[in-house]
Amino acid sequence: MKALDTPIPLACAVLTISDTRTAGDDTSGNLLAESLAQAGHSCVRRDIVKSNLYQIRRVLSDWIADPEVQVILTSGGTGYGHSHGVPEAVLPLFDREIAGFEALFRQVSYDEIGSSSIQSRALAGMANGTLVFCLPGSNDACRTAWTRILREQLDSTHRPCNFATLFRKAATE
């Protein structure tokens with residue numbers, strides 16, 4: 001898909017998955033929302049849910065069905081802990097998985113955390129025309145995903161290709 005010369009601002013949502021975070025201390029959610037804003041995108045939805053399969057699916061399903069949400073970023077729940085069930089909650093919602101995201105995220109994480117990167121179950125996919133990226137909950141992991149992958153892939157001017165151009169038609173209407 002050909003990149004554009006004019007950036008397309010995307011309507012995004014940020015979901016933090018945590019049994020302990022609140023709006024007052026959601027540092028990874030804040031980091032993602034601020035990164036989106038700095039890149040010219042808007043955060044049109046934001047929430048925090050407990051690490052519960054059905055609560056996660058409820059919020060994501062609502063946002064996936066909302067025509068105003070183009071991209072969803074989640075933080076938390078992607079590891080191997082007892083309450084980390086994001087992949088199990090999210091995979092059934094995908095129409096298509098972005099298989100390369102998990103591999104690339106592990107590769108860039110390896111530079112920072114070494115073999116611990118094997119414990120990441122970060123994932124991404126497309127559901128009802130909405131891009132969904134599920135990230136670990138640490139600030140460092142969210143920053144790594146943003147700076148090394150997402151910033152470029154959500155930038156319609158990034159060449160040779162990016163995910164933002166999927167929304168070209170919506171931007172010109």
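Glu-102 and Arg-106 both sit in helix α4, which covers residues 99-113. They are four residues apart, about one turn of the helix. In this predicted model, the two side chains form a salt bridge, with their closest N and O atoms 3.0 Å apart.

**Salt bridges**

- The whole structure contains six salt bridges, and one of them joins Glu-102 to Arg-106.
- Glu-102 has a relative accessibility of 24%, so it counts as partly exposed.
- Arg-106 is also partly exposed, because its relative accessible area of 25% falls between the limits of 20% for buried and 50% for exposed.
- Another salt bridge joins Asp-111 and Arg-148, whose closest N and O atoms are 3.8 Å apart.
- This second pair links distant parts of the chain, with Asp-111 in helix α4 and Arg-148 in helix α5 (residues 139-153), 37 residues apart.
- Asp-111 is exposed at a relative accessible area of 58%, whereas Arg-148 is partly exposed at 38%.
- Arg-143 and Asp-140 meet in a salt bridge with an N to O distance of 3.1 Å.
- Arg-143 and Asp-140 are three residues apart in helix α5, so about one helical turn separates them.
- Arg-143 is partly exposed, with a relative accessibility of 39%.

- Ser-109 belongs to helix α4.
- With a relative accessible area of 7%, Ser-109 is buried, because buried means under 20%.
- Beyond its neighbours within four places in sequence, Ser-109 is in contact with Gly-114, Ser-117 and Thr-144.
- Asn-52 is 57 residues from Ser-109 along the chain, and the C-alpha atoms of the two are separated by 26 Å.

**Aromatic rings**

- A search of the whole structure gives three aromatic pairs.
- Phe-101 and Phe-133 form one of them, an edge-to-face pair with 5.4 Å from centre to centre and 65° between the planes.
- Phe-101 is in helix α4 and Phe-133 in strand β6 (residues 130-135), so this pair ties together parts that are 32 residues apart in sequence.
- Phe-163 is partly exposed, with a relative accessible area of 23%.
- Phe-101, Phe-105, Phe-133 and Phe-163 are linked into a cluster by ring pairs.

**Nonpolar cores**

- The largest nonpolar core has 28 residues.
- Among the residues with the most contacts inside this core are Phe-101, Phe-133, Leu-150 and Leu-154.
- The elements that give two or more residues to this core are β1 (11-17), α1 (27-38), β3 (71-75), α4, β5 (123-127), β6 and α5.
- Helix α5 provides the largest share of this core, six residues.
- Leaving aside neighbours within four places in sequence, the contacts of Phe-101 include Leu-123, Phe-133, Ile-149 and Leu-150.
- A second, separate core has 19 residues, including Val-86, Ala-89, Val-132 and Cys-134.

**The sheet and the helices on it**

- Six strands make an open sheet with mixed pairing, in the order β2-β1-β3-β6-β5-β4.
- The edge strands are β2 (42-49) and β4 (96-97), each of which pairs on one side only.
- Strands β1 and β3 pair in the parallel sense over five bridges.
- Ala-13 stands opposite Ile-72 in β3.
- Helix α1 packs on the sheet and touches β1, β2, β3 and β6. The direction of α1 makes about 170° with that of β1.
- Helix α5 lies across β3 and β6, and runs at about 135° to β6.

Definitions and conventions:
Residues are numbered from 1 along each chain as its sequence is written. This is a predicted model: local features need pLDDT of at least 70, side-chain atom pairs count only at pLDDT 80 or more; totals for chains, interfaces and linings use all residues. Side-chain values use heavy atoms; hydrogens and water are left out. A salt bridge is a side-chain nitrogen of Lys or Arg within 4 Å of a carboxyl oxygen of Asp or Glu. Buried means under 20% relative accessible area, exposed over 50%, partly exposed in between (1.4 Å probe, protein chains only). Contact means heavy atoms within 4.5 Å. Rings of Phe, Tyr and Trp (its six-membered ring) pair if their centres lie within 6.5 Å; planes under 30 degrees apart count as stacked, over 60 as edge-to-face and the rest as tilted. A nonpolar core is a set of buried Ala, Val, Leu, Ile, Met, Phe, Trp, Tyr and Cys residues joined through side-chain atoms within 4.5 Å. Two strands pair if DSSP finds at least two bridges between them. Axes are lines fitted to C-alpha atoms, for helices over the stretch in contact, and angles run from 0 to 180 degrees between N-to-C directions.
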